[in-house]
Amino acid sequence: MAYSEPYDALDEKTRDISRAITSLREELEAIDWYNQRVSTTQDQELKDVMAHNRDEEIEHAVMAFEWLRRNMEGFDEDMRTYLFSEGSLLEVEDKATAAVAPKGPASTMTIGNLKN
Ligand SMILES: [Fe+2]
């Protein structure tokens, strides 16, 4: 595990988040590699085994994402905005941004986050 900051300067929560992100990165890399092998192997049984393994790694990655949603600020809000949305993701962003900061005359009033 690689840290960009001195290990002793990191609190335990930050270390756990780093562990989760490292695991997620490893799972995503495994998904990609298995998926490439599924695509290229000519042996049907090996293709099936690699696909099975890839799909298990997808489960692992999603579990890591869910842990991050529960434990790292920012994931929950963005997942609620983008996951299972439909249509253009940039339009989803525009709508979410408009809900937080409506266009129009400048005002000192804020309406808060309407996404939740
Ligand atoms: Fe895994």
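Arg54 belongs to helix α2, which spans residues 44–71; helices here are DSSP runs of H or I with at least four residues, numbered from the N terminus. The model is predicted, so local features need pLDDT of at least 70 and side-chain atom pairs pLDDT 80 or more, while totals for chains, interfaces and linings use all residues. Residues are numbered from 1 along each chain as its sequence is written, and side-chain values use heavy atoms, without hydrogens or water.

With a relative accessibility of 17%, Arg54 counts as buried (under 20% relative accessible area; exposed is over 50% and partly exposed lies in between, with a 1.4 Å probe and protein chains only). Neighbours within four places in sequence aside, Arg54 contacts Ile31, Tyr34, Asn35 and Val38, contact meaning heavy atoms within 4.5 Å.

## Nonpolar cores

The largest nonpolar core has seven residues: Ile17, Ala20, Leu24, Ile31, Ala61, Ala64 and Leu68. Helices α1 (12–40) and α2 each supply at least two of its residues, and α1 gives the most, with four. Such a core is a set of buried Ala, Val, Leu, Ile, Met, Phe, Trp, Tyr and Cys residues joined through side-chain atoms within 4.5 Å.

## Charges over rings

The charged end of Arg15 sits over the ring of Tyr7, 3.8 Å from its centre. Arg37 lies over the face of Tyr34, 5.9 Å from the ring centre. The criterion is NZ of Lys or CZ of Arg within 6 Å of the ring centre and within 35 degrees of the ring normal.
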